[in-house]
Amino acid sequence: IEQDESKDVTACKYRLKFESEQTLEFDMVFKCAGFQPNSELLQNTAEFEQCLTDKYKFIKVDTYMRVDMANNSNVFAMGDVMQQPKVEEIKLAHTAEIHARYLRDLIIFML
């Protein structure tokens, strides 16, 4: 992954280049590897800082996977970065896939 240091805010910030020379561009990239959740983006924001667990900085969610914060009805978290109440799940790609399907169905239902 290459990071663009351009000052142009409309420009893409990250490029992913494949061996085939194909390039994809992204505004934001979250690294999803290792045990520690990648929640640094939220750690220094007043609105989201209280949503993180003390020890490992997982994002706390309710039973509907909504981020556990005041006045929240449509900010969700899924995958390894979040911690559900009363659930001790193993953080695996398959679990994140289940989260994605659940959230897809939930959001469609909410529309």
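Predicted model: local features only at pLDDT ≥ 70, side-chain atom pairs only at ≥ 80, totals over all residues.
Residues are numbered from 1 along each chain as its sequence is written, and side-chain values use heavy atoms, with hydrogens and water left out.

Keep the whole chain selected and switch to a surface display. The accessible surface of the chain comes to about 8,700 Å², and carbon and sulfur atoms hold 55% of that area; the method is Shrake-Rupley with a 1.4 Å probe, and for residues only the protein chains shown count as cover. Of the 111 residues in the chain, 21% are buried, a term for under 20% relative accessible area, with exposed meaning over 50% and partly exposed the range in between (1.4 Å probe, protein chains only).

Next, select Ile 59, which is located in strand S4 (residues 59–60). Ile 59 counts as buried because its relative accessibility is 7%. Apart from neighbours within four places in sequence, Ile 59 is in contact (heavy atoms within 4.5 Å) with Leu 42, Cys 51, Leu 52, Val 67, Ala 77, Val 81, Met 82 and Gln 83.

Move on to Tyr 56 and Phe 58. A search of the whole structure finds 1 aromatic pair, and the rings of Tyr 56 and Phe 58 have centres 6.3 Å apart and planes at 70°, so the pair is edge-to-face. Rings of Phe, Tyr and Trp (its six-membered ring) pair if their centres lie within 6.5 Å, and planes under 30 degrees apart count as stacked, over 60 as edge-to-face and the rest as tilted. Tyr 56 is partly exposed, at 30% relative accessible area, whereas Phe 58, at 9%, counts as buried.

Finish with Met 110, which is found in helix H3 (residues 93–110) and is partly exposed, with a relative accessible area of 44%.

How values were computed:
Helix = DSSP H or I, 4+ residues; strand = E, 2+ residues; numbered from the N terminus.
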